[in-house]
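Here is a briefing on one protein model with a ligand.

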Amino acid sequence: MISKEKVDSHPSFDSLFPAGANTLPKKIMAGWMNKIHAGDCLEVMHKMPDQSIDAIVTSPPYNLKQSTGNGMKNGNGGKWPKADLIKGYDGHNDCMPHNKYVAWQRECLTAMMRLLKPTGAIFYNHKWRVQGGLLQDRSDILEGFPVRQIIIWRRNGGINFNPGYFLPTYEVIYLIANPDFRLAPKANALGDVWQISQESNNPHPAPFPIELAQRCIESTTGQVIMDPFMGSGTTALAAEAEGRDWIGIENSHAYCRLAKGRIDVYRKLR
Ligand SMILES: C[S@@+](CC[C@H](N)C(=O)[O-])C[C@H]1O[C@@H](n2cnc3c(N)ncnc32)[C@H](O)[C@@H]1O
């Protein structure tokens with residue numbers, strides 16, 4: 001659990017994001033649109049113009065290999081012997097010291113907030129976990145950001161099982177919204193617990209299901225959707241299914257190729 005002092009040492013939202021940036025003409029974004037940009041998401045986002053994105057749907061690495069007591073840390077998988085993430089990601093070991101991980105994710109969210117229009121929102125998928133007997137609810141990452149609501153993603157089942165633990169079947173999605181963000185008409189009827197089956201048949205170690213990304217996107221009215229941790233391209237597929245434009249960033253060339261392959265197949269079948 002993170003101490004209050006550490007949380008309080010983070011700068012406030014207002015000091016991070018002073019108001020007044022300009023909205024851009026659409027044509028400036030043309031070169032970014034409907035492409036996977038290979039590279040570090042912070043470096044790529046820093047090149048993008050202010051207030052150019054309507055919505056962000058993303059799932060960052062969870063830093064799972066820093067979990068205590070479940071064997072992810074020492075690499076043998078412990079109680080999760082079949083966990084795909086034992087080896088981390090292709091270009092990221094998922095094993096940062098916790099404070100560095102928190103600082104990195106705050107930097108990523110800060111970069112995302114700069115890119116969001118005043119009507120924009122981020123759907124930030126993460127996982128709560130018990131660490132040292134206490135809930136790690138990610139408030140250290142999110143302190144100062146305008147979290148409007150927490151959605152529970154309830155999976156139909158889990159892939160890991162340990163007789164000492166109830167089967168884990170949920171993750172969370174933080175809706176981080178700028179003041180002028182409004183849900184699409186009737187989207188509020190979806191409620192705040194979404195039951196959606198886990199993704200299968202995807203060689204990426206930690207994909208979310210297309211339906212999850214699609215539900216986030218259809219809950220918004222904006223045209224330009226971004227995912228700075230694009231992985232296997234799920235957000236792009238969901239954006240195309242919803243008739244939106246998208247921008248994807250991914251630092252693993254292998255996952256970029258995987259995403260491009262999935263998008264090509266989707267476009268052929270459409
Ligand atoms: C949880 S996965 C996202 C999976 C994605 N939602 C999907 O459905 O395939 C996180 C992704 O972030 C990527 N990643 C890690 N560090 C990154 C960085 N610095 N910049 C861009 N991508 C990064 C990993 O390679 C991984 O594919």
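Leu 258 counts as buried, with 22 C-beta neighbours inside 10 Å. The term buried means 20 or more other C-beta atoms within 10 Å of the residue's own; exposed means 12 or fewer, partly exposed is in between, and C-beta atoms are placed from the backbone. The model is predicted: local features need pLDDT of at least 70, side-chain atom pairs count only at pLDDT 80 or more, and totals for chains, interfaces and linings use all residues. Residue numbers start from 1 along each chain as its sequence is written.

**Leu 258 and its partners**

- Leu 258 sits in helix α8. Helices (H or I, at least four residues) and strands (E, at least two) are DSSP runs, numbered from the N terminus.
- Leaving out residues up to four places away in sequence, Leu 258 touches Pro 203, His 204 and Ser 232. A contact requires C-beta atoms, placed from the backbone, within 7 Å.
- Leu 258 and Pro 203 are 55 residues apart along the chain, yet their C-alpha atoms are separated by 8.4 Å.

**Overall picture**

- The protein has 270 residues, and 33% of them are buried.
- Its secondary structure comes to eight helices and 10 strands.
- Among contacts with a separation of 6 or more, 72% join residues 24 or more positions apart.

**Confidence**

- The average pLDDT of the protein is 85, and 80% of the residues score at least 70. pLDDT is the predictor's confidence in each residue, from 0 to 100.
- Residues 1-22 have a pLDDT below 50; this stretch has 27 contacts in the model beyond near neighbours in sequence.
- Residues 69-82 also stay under 50 in pLDDT. For them the model has 27 contacts beyond four places in sequence.

**Ligand shell**

- The ligand has 22 residues around it; Pro 207, Phe 229, Gly 231, Ser 232 and Thr 234 come nearest. A residue is near if its C-beta atom, placed from the backbone, lies within 6 Å of the molecule.
- By class, the shell holds 10 nonpolar, nine polar and three charged residues. Ala, Val, Leu, Ile, Met, Phe, Trp, Tyr, Cys and Pro count as nonpolar; Asp, Glu, Lys and Arg count as charged; the others, Gly among them, count as polar.

**Helix α4: which side is covered?**

- Helix α4 spans residues 98-115, 18 residues in total. From first C-alpha to last it reaches 26 Å, close to the 26 Å expected at 1.5 Å a residue. The expected span is 1.5 Å times one less than the number of residues.
- Val 102, Gln 105, Leu 109, Met 112 and Leu 115 are buried in α4. Seen down the axis, the buried residues of α4 fall within an arc of 140 degrees, so they line one face of the helix. The arc is that of the directions from the helix axis to the C-beta atoms.
- Asn 99 and Lys 100 are exposed on the other side of α4.
- Cover for the buried residues of α4 includes α3 (41-46), β2 (53-58), β3 (116-126), α5 (139-142) and β9 (224-227).

**Helices α6 and α7**

- Helix α7 (residues 234-241) is mostly covered, with six of its eight residues buried. They are Thr 234, Thr 235, Ala 236, Leu 237, Ala 238 and Ala 239.
- These buried residues of α7 pack against β2, α6 (210-218), β9, β10 (245-250) and α8 (253-269).
- In α6, the buried residues are Ile 210, Leu 212, Ala 213, Arg 215, Cys 216 and Ile 217. Their cover includes β2, β3, β6 (147-154), β8 (193-195), β9 and α7.

**Loops and positive phi**

- Trp 32 lies in the loop between α2 and β1. Trp 32 counts as buried, with 20 C-beta neighbours inside 10 Å.
- Trp 32 touches Met 48 and Ile 247, not counting residues up to four places away in sequence.
- Most residues other than glycine have a negative phi.
- Asn 34, not a glycine, has a positive phi of about 60 degrees. Asn 34 is found in the loop between α2 (13-16) and β1 (35-38).
- Gln 51, not a glycine, has a positive phi of about 50 degrees. Gln 51 lies in the loop between α3 and β2.

Notes
Two residues are in contact if their C-beta atoms, placed from the backbone, lie within 7 Å.
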